[in-house]
Amino acid sequence: MAISDNKIADTDEKIFVGKGEQAAWLTLALANRHGLVTGATGTGKTVTLQVMAEGFARAGVPVFAADIKGDLSGIAEVGEAKDFVVKRASEMGLKFQPDQFSTVFWDVFGEQGHPVRATVTEMGPLLLSRMLDLNDVQEGVLNVAFRVADENGLALIDMKDLRALLDAIVPSGGKKAADDEDDPLEPIRKAAQSFGNVSKATVGTIQRQLLVLENQGGAKFFGEPALTLKDFMKTDSDGRGIVNILAADKLMQSPRLYATFLLWMLSELFEELPEAGDLPKPKLVFFFDEAHLLFNDAPKALLDKIEQVVRLIRSKGVGVYFVTQHPIDVPDKVLAQLGNRVQHALRAFTPRDQKAVAAAAQTFRPNPKLDTARVIMELGKGEALVSFLEGGGTPSMVERVMIRPPSARIGPVTPEERKKIIDASPFKGKYDTAIDSESAYEILQKRIEGTAAPADGSEAGGGGGILGQIGDIAATIFGTNVRRGRLSTGQVIARNVTRSVTNKVIGGIVADVGKSVGGQVGGSIGRALVRGALGGLLRR
């Protein structure tokens, strides 16, 4: 196939990535078989990532990529015909044509892009435990907390919800006097203890880990409006895929938050998207930079879940590309799923480096013309060993190629350019203002305050609306909505009957409400919640 200009280079079926003795083409129909981009610092991984992102965008495939150093943001601006760019393009038989791509900037901290939020309920106990670096006992207690929340209709949206719930499941200390009021949170405490011992010390440790996460800025990630992942899967007015760039320079200061956040996104895509089979091109391509952070010190159970998600998400039409320094950074089970490979130079200065070079060479389909292990150490900047899937999904023989120059800017955008792009974003205003909905914290506070004597002498804690009105009517019938003091035996019995009747009536109404109310809170009412492979909430 001739390659005389950009229009011919990128077709509806293939992306032109580079050229050596043979042209290196990434087949779009096989791009959801995942990939790996590796190489030492400064060897050209970011440029390769940009070239691939541009190719996918031209083909109408939306892209999500984490931008660790800020360099990838230049994809939003027109490329410059610099001498080295024009020269490299000419050597490949290309005519350099400057281009730019529709880009949306995102930022967990809301500083360099639209805020990215998830609810605690959506995150799930498995990933949150990973984020907090909890041990098995602490993770077990966190699972108990989520189970209690799910069964009691307590929506966990932000950090204060989780803190309030953890406080609520701690066993009450000391003995109550005979005439003391019932502990309003006693049912929750009993529910938690029914799943196993929940100690105050363990809950305290989890609370301290939450404080560490909050000090790292993690609290900004939890809240509403929560991210709708379908907003990543958009095309622009020209039919090109929108490139979603996550500003991750600050996020990288909290490696566990970074890795867990991207893993949450991957798991959400896995759970939300329907089966699609083999498509002519992916629905979305997901680039995971600094991928070693995902696997460092991860327990085997989590690694097994990651391998499962990576293996099965292909059939949902999503391609996942891991970007890291060494192939040995990725576990073998995951590595086996990555069919499209780009290997930049590695330097064998240490025994680990030598092992990485040998491992990298062994992952390629051998080429009789190349000594792969030797070439890996000889590659210059911008050069790479490439093997993409072809035909029936078999890897091509490894080739030494020069990566084509990007069409958009190489290097970061300025703060002014970034602000202009954010202001013109189609999601301007959708995520920028946080919303504090009524959730677990507010519900638990109402239950606690309901034990005090309200100024108007009525029973507090019933809440407003129809549910509160039902409780008030029942309380009036049985004469139990009087100012709190020491109740007579008859009043205690009547109060318990009131609660029983009210709970049954409310339970029936809530079951119907849960079927019709949308949103985070409505989704957790009137039905048992189901969690997916990585503990996230299945919204079905």
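In this predicted model, the axes of helix 5 and helix 6 (residues 159-169) come within 10 Å and cross at roughly 100 degrees. What kinds of side chain meet here? The contact of helix 5 with helix 6 has ten nonpolar residues, with no polar and no charged ones.

Stay with helix 5 (residues 136-151) for a moment, as it also packs against helix 8 (residues 200-215). Here the angle is about 90 degrees and the axes are 10 Å apart, so helix 5 and helix 8 are roughly perpendicular to each other. Helix 5 brings Val-137, Gln-138, Val-141 and Leu-142 to this contact, while helix 8 brings Thr-202, Val-203, Thr-205 and Ile-206. By class, the residues of the contact of helix 5 with helix 8 are five nonpolar, three polar and no charged.

Twelve of them form an open sheet with mixed pairing, in the order 2-1-14-11-10-3-9-8-4-7-5-6. Its edges are strand 2 (23-27) and strand 6 (114-115), each of which pairs on one side only. In general, strands of a sheet pair through backbone hydrogen bonds, either parallel or antiparallel. For a parallel example, take strand 5 (residues 103-107) and strand 7 (residues 243-247), which pair over four bridges. Thr-103 is a handy landmark there, standing opposite Val-243 in strand 7.

Strand 7 also leads you to helix 9 (residues 255-272), which lies across strand 4 (63-67), strand 7, strand 8 (284-289) and strand 9. Relative to strand 8, helix 9 runs at about 160 degrees.

Finally, have a look at the second largest pocket, whose volume is about 560 Å³. Of the 28 residues that line this pocket, Gly-42, Gly-44, Lys-45, Thr-46 and Val-47 are the closest to its centre. Which elements supply at least two residues each to the lining? They are helix 2 (45-58), helix 3 (83-91) and strand 9 (318-324). Helix 2 gives the most, with five residues. Sorted by class, the pocket lining has nine nonpolar, twelve polar and seven charged residues.

Key. Residues numbered from 1 in each chain as written. Predicted model: local features only at pLDDT ≥ 70, side-chain atom pairs only at ≥ 80, totals over all residues. Heavy atoms only, no water. 1 Å grid on protein atoms, 1.4 Å probe; cavity = no way out; pocket = protein on both sides within 12 Å on 5 of 7 lines; lining within 4 Å. Points joined across faces, edges and corners; volume = space filled by probe spheres on them. Nonpolar A, V, L, I, M, F, W, Y, C, P; charged D, E, K, R; others polar. Pairing = 2+ DSSP bridges. Contact = heavy atoms within 4.5 Å. Axes fitted to C-alpha atoms, helices over the stretch in contact; angles between N-to-C directions. Parallel < 35°, antiparallel > 145°, perpendicular 65-115°, else oblique.
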